[in-house]
Amino acid sequence: MRSNNVMLHTITRIVTFIILAFSVYLFFAGHNNPGGGFIGGLMTASALLLMYLGFDMKSVKKAIPFNFTHMIAVGLLISIFTGLGSIGLGFPFLTQFDRYVTVPFLGEFHLTTALPFDLGIYLVVVGIALLIILTIAEDDA
């Protein structure tokens, strides 16, 4: 029988939101500053792991119904196709391209091909970290 720990559940919800918000910041800051897909993925994995620790495995799997194996495959494909796109244009593998785009009412954005590559790395890191940790946890249960 599991006890009802309201304080743990409340703190977990708040801290998970803060960690997820910081991981999104790190992800988007990565192509110009330290950060990117790897550290953003680790931060997201730690936030989701905190949810698994604060709540039971069944509740979190119901709320976050991701197949982490598929997430790893999608991330790898995104990263590989980002690199192959530059080969298709006649440049070396993983050549980075960037452009400034002005969007009405929102202003100017700096778009780079590093962002989809980082997205692929992000998905791979989240998928691998959680798959390993949850596999170990389920074997122990």
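Me: Which share of the contacts in the protein with a separation of 6 or more comes from residues 24 or more positions apart?
Reply: Happy to start there, with the reminder that this is a predicted model. Contacts here are heavy atoms within 4.5 Å. Among contacts with a separation of 6 or more, the part that joins residues 24 or more positions apart is 62%.

Me: Thanks! What pattern do the helices and strands follow along the sequence?
Reply: The secondary structure comprises 5 helices and 2 strands. Reading along the sequence, the order is α-α-α-α-β-β-α.

Me: Is the protein a compact globule or more spread out, and what is its radius of gyration?
Reply: The C-alpha trace spans about 60 × 35 × 25 Å along the principal axes. For 141 residues the globule rule gives 14 Å, and the protein is well over that, so it is more spread out than a compact globule. Its radius of gyration is 18 Å.

Me: How much of the accessible surface belongs to carbon and sulfur atoms?
Reply: Let's begin with burial: of the 141 residues, 31% count as buried. The accessible surface of the protein comes to about 9400 Å². Of that surface, the part belonging to carbon and sulfur atoms is 72%.

Me: Which residues form a nonpolar patch on the surface?
Reply: A patch residue needs over 30% relative accessible area. Leucine 84, at 39%, is partly exposed, and leucine 76 is partly exposed too, at 45%. Both have their place in helix 4, which covers residues 68–88. Together the patch has about 750 Å² of accessible area, and its members are Leu76, Leu77, Ile80, Phe81, Leu84, Ile87, Phe93 and Leu94.

Me: Let's turn to the aromatic rings: are phenylalanine 22 and tyrosine 25 stacked or edge-to-face?
Reply: The structure holds 4 aromatic pairs. In this one, the ring centres are 6.1 Å apart and the planes meet at 20°; planes under 30 degrees apart count as stacked, so the pair is stacked. Both residues lie in helix 1 (residues 6–29), 3 residues apart, about one turn of the helix. Phenylalanine 22 is partly exposed at 42% and tyrosine 25 is exposed at 51%, and the pair's arrangement is stacked.

Me: How are the rings of phenylalanine 91 and phenylalanine 97 arranged?
Reply: Their centres lie 5.0 Å apart. Phenylalanine 91 is partly exposed at 40%, and phenylalanine 97 is partly exposed at 28%. The planes are at 75°, and since angles over 60 count that way, the pair is edge-to-face.

Me: Which residues do ring pairs link into a cluster?
Reply: Rings pair if their centres lie within 6.5 Å. Ring pairs of this kind join three residues into a cluster: Phe27, Phe28 and Tyr122.

Me: Which residues does histidine 9 touch, not counting those up to four places away in sequence?
Reply: Histidine 9 lies in helix 1. Buried means under 20% relative accessible area, so at 16% histidine 9 counts as buried. Its contacts beyond four places in sequence are Asn4, Gly54 and Phe55.

Me: Last one: what distance separates the C-alpha atoms of proline 34 and histidine 9?
Reply: Proline 34 is in the loop between helix 1 and helix 2 (37–54). At 74% relative accessibility, proline 34 counts as exposed, whereas histidine 9 counts as buried. The two residues are 25 apart along the chain, and their C-alpha atoms are separated by 32 Å.

Notes. Residues are numbered from 1 along each chain as its sequence is written. This is a predicted model: local features need pLDDT of at least 70, side-chain atom pairs count only at pLDDT 80 or more; totals for chains, interfaces and linings use all residues. Side-chain values use heavy atoms; hydrogens and water are left out. Patches are made of residues with over 30% relative accessible area and no salt bridge: like charges are joined within 9 Å, nonpolar side chains (Val, Leu, Ile, Met, Phe, Trp, Tyr) within 5 Å. Accessible areas come from the Shrake-Rupley method with a 1.4 Å probe; for residues, only the protein chains shown count as cover. A salt bridge is a side-chain nitrogen of Lys or Arg within 4 Å of a carboxyl oxygen of Asp or Glu. Helices (H or I, at least four residues) and strands (E, at least two) are DSSP runs, numbered from the N terminus. Buried means under 20% relative accessible area, exposed over 50%, partly exposed in between (1.4 Å probe, protein chains only). Rings of Phe, Tyr and Trp (its six-membered ring) pair if their centres lie within 6.5 Å; planes under 30 degrees apart count as stacked, over 60 as edge-to-face and the rest as tilted. The radius of gyration is taken over C-alpha atoms; the globule rule is 2.2 Å times the number of residues to the power 0.38.
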